[in-house]
Amino acid sequence: MRYAQGGGLTAEECARREQVRLEAAEWIEEGATDREVAARFRVTRVSANRWRRALAAAAARRWPPRAPAGPAAGSAPPN
């Protein structure tokens, strides 16, 4: 049986969990190893590796970056 959305956590606990993930993502982007992330945030290396893979997948979905829609900045409107 799987847990309901949020794993039975309160809104505050879900927010705290997300904050930990964001802090871990910063560490991962700075080059921390799974072992270092796991020790710092008191999770398993499997969880740290899962966060690393999720971060890489999110980055891959954002690539290549798209140009903003509309006219280029600083261009004059057509006459």
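Me: Which helices each supply at least two residues of the lining of the largest pocket?
Reply: Happy to start there, and please keep in mind that this is a predicted model. The lining includes Arg17, Glu18 and Arg21 as well as Ser47, Arg50 and Trp51. Helix H1 covers 11–29, and helix H3 covers residues 45–61. The helices that each give at least two lining residues are H1 and H3.

Me: Which helix gives the largest share of that lining?
Reply: Among the lining residues are Arg17, Glu18, Arg21, Leu22, Ala25 and Ile28, and the helix spanning 11–29 is H1. With six residues, the largest share of the lining comes from H1.

Me: How much space lies in the largest pocket, and what is the class make-up of its lining?
Reply: The space in this pocket comes to about 340 Å³. Val43, Ala54 and Leu55 are among the residues around it. Sorted by class, the lining has seven nonpolar, one polar and four charged residues.

Me: How are H1 and H3 oriented to each other?
Reply: Let's look at their axes, which come within 10 Å and cross at roughly 75°. Angles of 65 to 115 degrees count as roughly perpendicular. The arrangement of H1 to H3 is therefore roughly perpendicular.

Me: Which residues of H3 make the contact with H1, and how many residues of that contact are charged?
Reply: On the H1 side, the contact uses Val20, Arg21, Ala24, Ala25, Ile28 and Glu29. H3 answers with Ala48, Trp51, Arg52 and Leu55. By class, this contact has seven nonpolar and no polar residues, and the charged ones number three.

Me: Why are H2 and H3 described as roughly perpendicular?
Reply: H2 runs over residues 34–41, and its axis comes within 8 Å of that of H3. The range for roughly perpendicular is 65 to 115 degrees. H2 and H3 are roughly perpendicular because their axes cross at roughly 115°.

Me: Is the crossing of H2 and H3 left-handed or right-handed?
Reply: The contact joins Asp34, Arg35, Val37, Ala38 and Phe41 of H2 to Arg45, Ala48, Asn49, Trp51 and Arg52 of H3. Its residues fall into five nonpolar, one polar and four charged. The crossing of these two helices is right-handed.

Me: At what angle do H1 and H2 pack, and which residues in H2 take part?
Reply: Here the axes lie 10 Å apart and the angle is about 150°, with a right-handed crossing. H1 brings Val20, Glu23, Ala24, Trp27 and Ile28. The contact divides into six nonpolar, no polar and three charged residues. The partners in H2 are Glu36, Val37, Arg40 and Phe41, at that packing angle of about 150°.

Methods:
Residues numbered from 1 in each chain as written. Predicted model: local features only at pLDDT ≥ 70, side-chain atom pairs only at ≥ 80, totals over all residues. Heavy atoms only, no water. Axes fitted to C-alpha atoms, helices over the stretch in contact; angles between N-to-C directions. Helix = DSSP H or I, 4+ residues; strand = E, 2+ residues; numbered from the N terminus. Parallel < 35°, antiparallel > 145°, perpendicular 65-115°, else oblique. Left-handed = near helix turned anticlockwise from the far one by under 90°. Contact = heavy atoms within 4.5 Å. Nonpolar A, V, L, I, M, F, W, Y, C, P; charged D, E, K, R; others polar. 1 Å grid on protein atoms, 1.4 Å probe; cavity = no way out; pocket = protein on both sides within 12 Å on 5 of 7 lines; lining within 4 Å. Points joined across faces, edges and corners; volume = space filled by probe spheres on them.
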